[in-house]
Every structure is written in structure tokens, then in C-alpha cells.
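Here is a short briefing for a first look at this structure.

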Amino acid sequence: MLTSHPTGTQDPPTALLGDTDGNPHAGSTAPAPDAPPRRGGHVLVVGTPGPRRERLTRTLRATGHDVSHAPPGEVNRRVGQAPPDAIVALDERHGEKRSEGDGGDDGDEEPAHRPGLDVIREIRTVPAGQALPLLMVTASAEPAGIVDMLRQGADDCIPEASDPVELSARIEAKLRRVPVPVENLLKDPRTGLYSHPYFLDELDRELQRPEAGRRGGVLAVVAVAEMAALEARLGPRVRREVAERLAGVAERLGSFCDRLGRHDDGHLLMLLPGVDEETARQSLQKFATTVAGTRFIVADENVRLTPAIGWLPLTGCADGTQALGRARDAAVEALRHRDLRPVRYAPWMRPASHRRRRRPLSSLIRPALASLSPVLALLLGIGVPFALYQQTYELGWDLGSAMYWVVVAGLVLSALLIVLECLYSLDSAERPERPGAPYPPASAVIAAYLPNEAATIVDTVESFLRLDYPGELEIVLAYNTPHPLPVEDTLREMAGRDPRLVLLPVAGSTSKAQNINAAVTRVRGEFVGIFDADHHPAPTAFQDAWHWLSNGYDVVQGHCVIRNGDGSRVAELVAVEFEAIYAVSHPGRTRLYGFGVFGGSNGFWRTDLLARTRMHGSMLTEDIDSTLRALSEGARFAVDRTLISRELAPTTLKALWNQRSRWAQGWLQVSLKHLWRGLRSPVFTARQKLGLLVLLGWREVQPWLTLQILPILLYSAWRTGGFDRLDWAVPVCVLATLFTMAAGPVQALFAWRLAVPELRARSGWFWSYFFVSTFFYSHFKNMVARQAHLKEALGDRQWRVTPRAAAKAVARR
């Protein structure tokens with residue numbers, strides 16, 4: 001039997017090392033003085049835990065090798081995570097898989113079947129395992145068995161009774177094989193990937209095929225956003241390892257990709273011949289989501305990776321090098337957003353094109369049309385319907401009278417929905433009293449645009465450092481700034497004093513979404529709280545959020561409370577409105593329709609879900625968009641009005657207009673993107689689909705429907721010969737009007753009843769909100785919504801940033 005010198009009894013960590021120059025573990029016995037010096041490598045021992053594996057482990061360590069273990073059935077996962085330098089596997093029989101004392105008789109095993117052959121096949125089925133030296137240690141010296149193992153893919157077989165020095169020499173002989181440069185091989189033996197030159201040859205061969213026989217095809221380049229940081233910390237070896245991990249994911253997903261290659265800079269190259277563009281995009285999207293939702297071992301570290309995919313169709317391409325360069329340009333654009341969406345190449349992505357590009361004529365026309373949007377809204381909402389009613393009446397159809405009842409029914413329905421939300425808010429789900437699991441590490445991500453929020457960010461960070469959380473809590477400030485600011489020095493001093501504060505500048509970021517996407521792969525917490533830069537969460541916010549997340553929920557949205565209501569009449573109005581939204585509407589809708597929404601701040605996500613979902617910076621309300629995408633995966637959202645965070649409100653009407661205009665246009669974008677998709681989805685229940693129809697459909701129709709009362713009145717006056725001839729006392733109309741107007745007072749009453757104590761004490765604010773909302777504010781918001789619709793139709797999606805000051809707070813964007 002194999003023997004060894006005495007050695008330490010503690011096994012090394014089971015994580016694969018991947019370093020071919022690893023040193024022997026402390027406690028290993030050195031070789032005999034007259035033995036030649038040996039270069040130890042990392043050996044993966046495959047075998048069922050037991051005496052045989054322990055003896056083999058001691059032997060390998062005593063002869064200068066690092067050792068890790070894998071039981072049969074888990075070899076592919078271990079090799080895929082980080083390939084060793086060699087594999088030594090025990091040729092076991094079925095009886096050896098039973099624990100000692102089972103008393104089982106293995107004499108009935110068929111001689112033709114060896115578990116060792118299964119291990120060989122398991123190792124050789126993955127690219128990373130195909131080129132690794134594989135030695136089998138067998139207790140039997142039967143020639144037939146040895147021949148079978150060699151034919152199945154073993155590089156060598158050695159009897160278990162051999163001398164330990166012989167085993168070590170055989171391993172070293174395999175490790176000392178003269179290496180062949182990767183660029184001279186068809187495939188990289190470490191990764192199983194095409195080398196860059198051979199991938200280009202394959203791409204050129206594909207492009208040389210006639211387009212008629214090519215049937216589409218796509219080329220993709222996959223970059224990794226964390227590559228530079230990993231390489232700076234762990235060295236250039238991570239380029240190979242990262243490409244290897246990405247290739248492993250592609251292998252697991254199946255054969256959507258025909259050929260895989262690796263560039264020297266670590267980019268993964270994908271060739272997808274015979275695939276149409278939409279199928280390729282969906283496959284690449286699934287690949288990106290899977291990568292983002294997986295934790296990888298890279299250079300002994302557990303990391304998350306953010307794939308940035310650039311792609312282009314092969315149709316129209318004639319040169320492989322040029323096509324690959326264009327796909328890389330698209331990958332650079334994808335790196336800017338980090339939102340997991342594959343980016344199709346466009347000519348403007350060429351670096352030099354930015355200098356030569358001319359402003360299109362549409363960019364000059366759009367601002368002029370946008371400035372006329374109030375006039376266009378009146379024309380489309382009043383003039384066109386009035387003309388339509390007139391013309392149809394001339395043709396003998398009284399369309400205007402029919403529309404009158406449609407408008408009345410719509411107004412009554414809107415009021416009824418408001419009242420139902422108020423009633424259901426009284427019965428909203430309460431937070432679980434106890435957590436379902438111990439408090440894990442948690443992370444807070446503060447997304448900031450420092451020139452806009454430099455005056456408030458220090459106070460915000462200080463409020464986070466005062467949070468009371470039983471577990472480990474890190475505060476990540478993910479920010480972008482076009483130029484250095486003095487406040488950054490203050491923040492660095494704060495980070496030096498308190499290691500919980502992590503400063504994460506996001507170079508090139510232009511949105512909150514990009515800041516969050518950059519932070520989600522760096523956080524250590526099991527769940528993440530997302531906040532804007534003016535938020536001050538309650539001391540127990542993270543503790544309370546975990547009560548939901550540990551009891552079956554994936555996201556919990558808290559209650560955003562305005563803390564500067566005394567700043568102006570506008571801030572006072574918004575303070576009451578936020579109570580109507582976060583204390584009444586959100587809990588009521590969640591109870592009524594069976595799902596909640598993430599409101600952009602004071603929301604807590606399970607980190608794994610957020611890593612897969614990300615935020616899409618192209619959406620003006622990336623929070624609602626991420627909500628719908630997470631819900632479509634079956635995620636559970638909760639709303640908790642007792643989970644408090646205090647923020648700043650706009651203090652001027654212009655700032656409020658800009659904020660609500662963005663909200664309205666963002667909701668429209670989400671409705672156009674998700675409504676029809678959600679109604680067809682099998683994930684949503686009938687009750688939830690009704691909620692989607694109200695939340696994404698009715699809210700877009702209602703602003704225009706309320707405006708229709710004006711052309712209908714004009715039409716009625718025209719038809720009857722004047723307003724003095726109209727009958728204003730129709731009982732049904734009077735009752736409908738009274739019911740509609742009562743919705744405002746009801747909502748104000750419920751907002752006061754469920755408001756936080758400091759705002760509930762301001763009863764005068766609620767009376768003001770009732771009058772202002774009834775006679776002005778509701779019409780103001782409908783007007784904003786109609787103008788936002790026109791902006792979206794005109795393609796005006798500019799995100800206007802409003803400066804924020806500490807003393808006079810205004811809207812962020």
C-alpha cells in the first residue's frame with residue numbers, strides 16, 4: 001500500500017488553487033536529501049472520503065504537492081471553477097462507496113463496470129478537464145482493467161502498492177511536458193477555447209461562405225466590467241480564469257454558441273452561425289443573466305462578474321478582423337451601462353465617429369416641438385375630438401353623447417379605484433415580528449451625482465454610519481462626478497475613520513442606474529438597501545427589512561417621508577402627497593393586486609436578485625422597470641409603511657414639474673415595454689394582471705380621458721345652440737360628479753390617518769392638500785402626464801438635473 005512520512009492532519013481548504021507554483025503545505029515532510037529537487041503542483045484527488053483517500057493525500061503532500069479533493073460526481077464543478085495542474089483518481093469499486101460498518105457485500109458487482117471509468121468520462125467531458133494530466137491509482141493489477149482506463153482517457157495507471165516516489169515522479173513527468181504555445185494550438189489546453197488567431201480563421205471561413213447559404217449568424221464579444229480591478233489585485237492570470245468561467249456558463253446553457261474563443265485581454269469571443277438576430281439576442285441575454293447570478297472562484301476569491309456583451313450580425317460583414325473590432329466597440333458601450341443587456345453594434349460607436357458626427361435635423365426640430373407641447377396637447381386632446389364629434393354628427397352618428405357617458409364612467413372608475421386603495425391600505429400586511437434567519441451581512445448603496453448633491457452627501461453618510469444593525473453593515477457610496485470636488489476629501493477622511501464606508505467612484509457614469517450596477521458586484525451583503533443621496537433611513541431600517549426578506553420576500557419597499565416640508569408651499573404639498581403615496585396607495589395596491597413596487601429609494605433587495613436584474617439607465621424610471629422584470633421572474637415584493645426613510649422634496653414649482661415630468665414619461669416607457677408582455681405572461685395571476693392593467697394601462701389613459709369633458713361640453717353646446725340651453729341638473733351626472741370629487745377628500749383623510757406622527761400633527765397641511773389637490777394639483781399632474789406622452793412620442797428623453805442645496809432643497813432630476 002502507499003505509505004508516506006508523517007504530515008499534518010488538517011486538510012487544506014477545498015477551494016481549487018489554480019496556481020502551478022504553489023508551495024507545499026506546512027507540516028509536509030520534505031523529500032530525502034539525495035532526491036532531486038521537485039516542483040510541486042496542485043493535485044486534485046478524486047475519491048470517496050475514507051482511509052484510501054487519506055493515505056493518498058498524505059503521500060502527495062509528503063512529496064511536495066498541494067492537494068484538494070472532489071468526490072465522484074462533483075469533479076466537473078471543481079475543475080470548471082479552477083483547474084488543477086493534475087488529477088489523481090482512485091479506481092474504486094461500488095463497495096468502497098459504502099461507509100464502514102454497512103456490512104454490504106460487494107462481491108456481486110459485475111467485473112465489467114468500474115466506477116473509475118465513470119470518473120474518467122466525467123473529467124474528460126469538460127474542456128478544462130480534457131488537457132489535464134490524469135493518473136489512476138488502482139488496487140488491481142489486471143491488464144484488462146488498466147487497458148480500459150487508458151482507452152477511456154487516463155494518461156497513466158499506477159498500482160496502489162507502488163512506492164510514493166514513483167507516484168510523485170509520474171506526476172512530475174506529466175507536469176514537465178514541453179509546453180506548446182497556445183497561439184500554435186487549435187484550442188487552449190487550459191480553457192478548451194479557440195485561441196485568438198484560430199478564432200479569426202474560423203470567423204473568416206464563416207464570412208467567406210455565400211450569404212445565401214449562411215442563414216444569418218452573429219458574432220459577439222464578452223467583456224467583464226470587473227476585469228481591470230481583478231487584474232490589478234490578483235495579476236494577469238485572471239484573464240484566463242475569467243474567460244474560462246464564462247465559457248463554463250456557455251457550456252452549461254447548451255449549444256446556442258457554436259464556437260468559443262479567448263482574446264489575450266480576457267474577452268470571450270462567441271460565434272453563433274445560422275442564428276437569427278432575435279434568437280441570438282435572447283440567448284446572449286440569458287447568458288448574461290446567468291453569469292451575473294453566479295458566484296465564481298477566480299484566483300481563490302469568490303467574486304461576481306458583470307458581462308458586457310457587444311454583438312453584430314454577420315450579414316454584410318466581409319472581414320473578420322473588422323467585424324471583431326466592431327463587436328468590441330459595442331462591448332465598450334455595454335461596459336458603460338453594466339445592465340446585462342447585449343448591445344448591437346451601431347456606426348456611431350466607432351471612437352472616431354464621435355468627432356465627425358453631425359447633429360441630425362431631428363435634434364434641432366425636437367426642442368421646438370417640445371416647447372409647443374402644451375399647445376399640441378390642447379389640440380390633440382380638445383380640438384381633434386371636438387372636430388371628430390362634429391363630423392360624425394353630420395354623418396348621423398351622435399358619437400359625442402356616447403363619449404360623454406364613457407368619460408363619466410371613467411371618472412367614476414378612477415374615483416372608485418382610489419377609494420378601494422384607501423380601504424385596502426387599512427388591511428395591509430404587517431411586518432413579521434421575528435426574522436426567519438440570523439441577521440446576515442448587509443450593504444447600503446447610496447447612488448449620488450456629487451455636483452448636484454455635494455451639499456447634502458456628508459450629512460447623508462453620517463446618518464448611515466449611525467444605523468443600528470445587529471450584523472455586519474457596509475455603506476457603499478457609488479457616485480459620479482465630472483471633475484474632482486472638495487467634498488471628496490471629506491469623504492475620504494470619513495472612510496479612513498470608519499471602515500464600513502466604501503467609496504466607489506464610477507468613471508463615465510451618467511445615471512443612477514450605472515452607479516447601482518457598478519456597486520452590486522462589489523457589495524458583500526446578503527441583501528442591499530438602495531438609497532438616493534438625500535435619504536436618512538431610520539436607525540433600525542436594515543434590521544426591519546431583514547424581517548421581510550428572511551420570511552420569503554425578495555424585495556421590500558419602505559415609506560419615504562419628506563423632511564423639509566417647512567421649506568416651501570411646494571415642499572409642504574409634496575410631504576402630504578408622499579403620505580398619500582407611501583402610506584396609502586402603495587400598501588393598498590399591494591393588498592388589492594397582490595404585488596408591490598420598488599420606488600427607487602428606501603428599497604431592500606436580495607443581492608442575488610439585484611445582481612441578475614440590474615437597473616437599465618435608458619429607462620427614466622429604472623426602479624419601476626426593474627420591478628416589472630423581477631416580478632416576471634416570480635420575485636415577491638412587499639411594502640412596509642413602518643419602514644421609514646426621510647428625504648428632501650422639491651421646493652419650487654419648476655423643480656416639481658421637472659421631477660413629475662420624468663416620472664410620467666418613465667411610467668409611459670414602462671407601460672409600453674411591459675404591459676402587453678405582462679398580460680401574456682404565465683407568471684402573473686389573473687389578479688396581478690388586473691393590477692398591471694390598472695397600473696400600466698389605465699394610468700396612461702386617464703389623463704386624456706379627463707380632458708375629454710371639455711370637447712364634449714363644446715360639442716353639446718354646439719349641438720343645442722349654446723351653453724345656456726344645456727341641462728346641468730341631470731341626476732346621474734350630478735351624483736357621478738359628487739362621487740368623483742369625494743375621492744380627493746377621502747384620500748386626504750386616509751393619508752392623515754396613516755401618516756407618520758410628525759406629519760399627522762400638521763393637520764393644516766392636509767387641509768391645504770385637499771383644496772389644492774381638488775382644484776389645481778390633480779389637473780397639474782394630468783397636464784404633466786399629457787406633455788410627457790408627447791415628449792416620448794417626439795423622442796425627447798433628456799434627463800434634466802436640478803441643483804440641490806442643503807438649505808433650499810430642490811428636485812434631484
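The points below take the helix, then the salt bridges.

This is a predicted model. Its salt bridges come to 40.

**Helix α24**
- Helix α24 spans residues 653-680 and has 28 residues.
- From first C-alpha to last, α24 reaches 40 Å, close to the 40 Å expected at 1.5 Å a residue.
- A kink of about 40° in α24 is centred on H674.

**R524 and E474**
- R524 and E474 form a salt bridge, with their closest N and O atoms 3.3 Å apart.
- R524 sits in the loop between α19 and β16, and E474 in strand β14, so the pair ties together parts 50 residues apart in sequence.
- R524 is exposed, at 52% relative accessible area.
- E474 is buried, at 3% relative accessibility.

**E526 and R606**
- A salt bridge joins the side chains of E526 and R606, at 3.5 Å from N to O.
- E526 lies in the loop between α19 and β16, while R606 lies in strand β19, 80 residues apart.
- E526 is partly exposed, at 39%, and R606 is partly exposed, at 23%.

**D566 and R762**
- D566 pairs with R762 in a salt bridge, the closest N and O atoms being 2.9 Å apart.
- D566 is in the loop between β18 and α21, and R762 in the loop between α28 and α29, 196 residues apart.
- D566 is exposed, at 60%, whereas R762 is partly exposed, at 33%.

Methods:
Residues are numbered from 1 along each chain as its sequence is written. This is a predicted model: local features need pLDDT of at least 70, side-chain atom pairs count only at pLDDT 80 or more; totals for chains, interfaces and linings use all residues. Side-chain values use heavy atoms; hydrogens and water are left out. Helices (H or I, at least four residues) and strands (E, at least two) are DSSP runs, numbered from the N terminus. The expected span of a helix is 1.5 Å times one less than its number of residues. The bend at a residue is the angle between axes fitted to the seven residues ending there and the seven starting there. A salt bridge is a side-chain nitrogen of Lys or Arg within 4 Å of a carboxyl oxygen of Asp or Glu. Buried means under 20% relative accessible area, exposed over 50%, partly exposed in between (1.4 Å probe, protein chains only).
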